[in-house]
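This briefing covers pockets, a surface patch, salt bridges and backbone features. Please read it next to the sequence and the model.

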Amino acid sequence: MMGPSHALSGAAAWLAGSWALDQFAGYHQSPLAISVGAMVCAGGALLPDLDLSGRVTTNQGGATVAHTFGVLSLFVAEVIEKFSLGVYTATRLSHDPKRNNGHRTFTHTLPFAALVGWGTTALCAHFGKWAVVAVVFLMAGMALRGLFEKWAERAGWVIVTLASGGIAWFTAANLPGDRGYPMLGFAAGVGCFVHLMGDIVTSAGVPIAWPIPTGRRMWRMIGIPNVIAVKVGGKVEVLVLRTAFTIISLLAIAGMITPWALHRFAPSTFAGSDH
């Protein structure tokens, strides 16, 4: 899938999950916590594609997320791509093909998603709001780049960076630390997992079984048959899936707002009818 689709799927998954927790488990979150969680999940849903680097010096190529912070994020993507290629080369078995790039390898595995979730939670729990500022800053930038791709391209990475900084400052100043910090890690990990599910419906697939060897292969790409696979950038992805993700997000928001609105405004309505 392309960057905007991944970001939308992450936001939709978090909003729908928040609605389900509120509806069936009584787990209530503040509007800020839900918004931040959706943003972090949207950013996390782009994070695995940091293994697709471009040409750093000319700010070209690479995945959508690699352009979030200009040349700096392209350089980070280059490092992650080379690290992923190193992991692939060091762990591949005899039937795994040789590769010259690390895209869709280590960062497209379940251990990576778990590592992102655990690492984010550990950082926020240990360093407090300083870590929260850093995490939200990075995730907000990636979310903005994915959810508002056209605007981000026109505005440029400097504006995206400034907007991310503002969002991070506001979040750190207002997000409670009791259960708010662990939820950031969970949101980041869920975002990565949603990314894997998005790529697995394409013909290229992802190494979802790694590091479990299958048939003398450690890096078996698991996807769905070409006949029913989603074409990257095709009409099914752009029109059908993005529309579905948007509708799910809006329905989840409506489902969470409606009870709050009824509780807030119904008493005043009834009170007025007594006169």
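By class, how many nonpolar, polar and charged residues does the lining of the second largest pocket have? The lining of the second largest pocket has 10 nonpolar, four polar and one charged residues, where Ala, Val, Leu, Ile, Met, Phe, Trp, Tyr, Cys and Pro count as nonpolar, Asp, Glu, Lys and Arg as charged, and the others, Gly among them, as polar.

The model is predicted: local features need pLDDT of at least 70, side-chain atom pairs count only at pLDDT 80 or more, and totals for chains, interfaces and linings use all residues. Residues are numbered from 1 along each chain as its sequence is written, and side-chain values use heavy atoms, with hydrogens and water left out.

**Pockets**

- A pocket is an open set of points on a 1 Å grid over the protein atoms alone, where a 1.4 Å probe fits, with protein on both sides within 12 Å along at least five of seven lines; lining residues have an atom within 4 Å of a point.
- Grid points are joined across faces, edges and corners, and a volume is the space filled by probe spheres set on the points.
- The second largest pocket has a volume of about 390 Å³.
- Of the 15 residues lining the second largest pocket, Q29, P31, I34, M256 and I257 are the closest to its centre.
- Two or more residues of the second largest pocket's lining come from each of α1 (3-25), α2 (31-44) and α9, and α9 gives the largest share, five residues.
- Helices here are DSSP runs (H or I, at least four residues), numbered from the N terminus.
- The largest pocket has a volume of about 530 Å³.
- The largest pocket is lined by 23 residues, of which L47, L50, L138, M139 and M142 are the closest to its centre.
- The elements giving two or more residues to the largest pocket's lining are α3, α4 and α5 (129-147), with the largest share, six residues, from α4.
- The lining of the largest pocket has 18 nonpolar, five polar and no charged residues.

**Salt bridges**

- A salt bridge is a side-chain nitrogen of Lys or Arg within 4 Å of a carboxyl oxygen of Asp or Glu, and the count comes to five.
- D199 and R104 form a salt bridge, with the closest N and O atoms 3.3 Å apart.
- This pair links distant parts of the chain, since D199 is in helix α8 and R104 in the loop between α3 and α4, 95 residues apart.
- Both partners are buried (under 20% relative accessible area, with exposed over 50%, partly exposed in between, 1.4 Å probe, protein chains only): D199 at 1% and R104 at 11%.
- K82 and E78 meet in a salt bridge at 2.6 Å, N to O.
- K82 and E78 are four residues apart in helix α3, so about one helical turn separates them.
- K82 is partly exposed at 44% relative accessibility, and E78 is partly exposed at 22%.
- E237 pairs with R242 in a salt bridge at 3.9 Å between the closest N and O atoms; E237 is buried at 0% and R242 is buried at 17%.
- Salt bridges that share partners join E78, E81 and K82 into one network.

**Backbone**

- W210 and P211 are joined by a cis peptide bond, with omega about 10°, and P211 lies in the loop between α8 (180-200) and α9 (235-273).
- R216 has a positive phi, near 60°; R216 lies in the loop between α8 and α9 and is exposed at 57%.
- R104 also has a positive phi, near 60°.
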